[in-house]
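Morning, everyone. Today I want to talk about aromatic rings. Please have a look at the screen.

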Amino acid sequence: MSTIQSPVDEYGFHRPDDFDYSSYEEFMSSYIRVLARRASRWDNFMKGVNKVRKSRRVKRFVRKGIPMELRAQVWVDTSGARKKMKLNPGSYQRLLAEDTTIDEMAMHSIQTDIDRTFPDNIHFSSRQDDLRPALLNVLIAYAKHNPRIGYCQGLNYIAGLMLLIVNKEEEAFWLLDVIVGNLLPDYYAKDMLGLQIEQETLREVVRVKLPVLFEHIEKLGVSYTIFSTKWFICLYIDVLPTETVLRIWDCLFYEGSKVILRVALTLLSLNEGKLMKCNDFAQLCAAMKDITKGPATMDCHSFMEHSFHLPGSFSRKWIKELRKAATEKILAEQQARQQHT
């Protein structure tokens, strides 16, 4: 069990040498009470409940955080992963057993990335409970299951974090299918069209919600691809603190992909003053890296509260319209480039 002063956190990650223990201790002194309160309410709610079903009450509970010991069940129940497992009994085991070969390049990328996945985590190292063999199985099975996607760098981190939480290969596999197949289609396609659409959508969201900052970013010529690619591809893993990432994923599995945009806008909104002080391209790029660190993102509870209040209205219909317009714009640009070649 990790403590506040432990060099390893509760998920097995070694804390960096420059980890801010004093800020973390200050945050935990209040957050521990939040955790106790949430755990009590979840415990009362879960009495006699075998499966967590979506409701207004559950949505409110999820936004305020899922207790660590219930997170796996709530993710699998509310995301649709449990339903996929029931509709496809034995499918994961068959994928592992079958002789189907996957693309040679995809296989090479998977094998290369396994050892690059969370090298600072004790559960992805040479220990008895090493999760790397399980991660290899999940990624190979998924490449067989979804040959259109095969494998894309970033999926190793996503599947790896899922394994840390659910600790079961089959559940991690179906959660991965929920993300790649349902929540974020084409994010991980070979042309990364979904990622491009999301970045163009974010640009439009910033134009509407943070117009002064939008003009500043445009003036300094910083593309949204520069700072948001890792945010989106890794779903904030290795960008924000682990507990904050998990709080984001709680909402992602329950509410869908617009949460990813809410978080991006919150990062920009909370740091608008700092970003506005940047005078050139290099300064703004450096500042975009800095805004993901520090007490504001460490305090996952306040950060998530901000993400549902700061952006204001964020309707599904509006985001859908923005994504549709972004798709049309990007496809038109691609077609124009092809005509010139």
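Predicted model: local features only at pLDDT ≥ 70, side-chain atom pairs only at ≥ 80, totals over all residues.

I will go through ring pairs, then a cluster, then charges over rings.

How many aromatic pairs does the structure hold? The count is 22. Take W42 and F45 as one of them. Their centres are 6.0 Å apart, and their planes make an angle of 90°. That pair is edge-to-face, because the angle is over 60 degrees.

Where do these two sit in the chain? Both belong to helix α1, which covers residues 21–46. They are three residues apart, so about one helical turn separates them.

Are they buried or exposed? W42 has 0% relative accessibility, so W42 is buried. F45 has 15%, which is under the 20% cut-off, so F45 is buried too.

Now a second pair: Y187 and Y188. Here the centres lie 5.8 Å apart, with 50° between the planes. This pair is tilted. Y187 and Y188 are both buried.

Next, the cluster. Which residues form it? They are F19, Y21, Y24, F27 and Y31, in one aromatic cluster.

Last, charges over rings. R38 lies over the face of F61, 5.0 Å from the ring centre. K54 places its charged end over the ring of Y254. The distance to that ring's centre is 4.9 Å.

Methods:
Residues numbered from 1 in each chain as written. Heavy atoms only, no water. Phe/Tyr/Trp six-rings, centres within 6.5 Å; stacked < 30°, edge-to-face > 60°. Helix = DSSP H or I, 4+ residues; strand = E, 2+ residues; numbered from the N terminus. Buried < 20%, exposed > 50% of the residue type's maximum accessible area, 1.4 Å probe, protein only. Lys NZ or Arg CZ within 6 Å of the ring centre and 35° of its normal.
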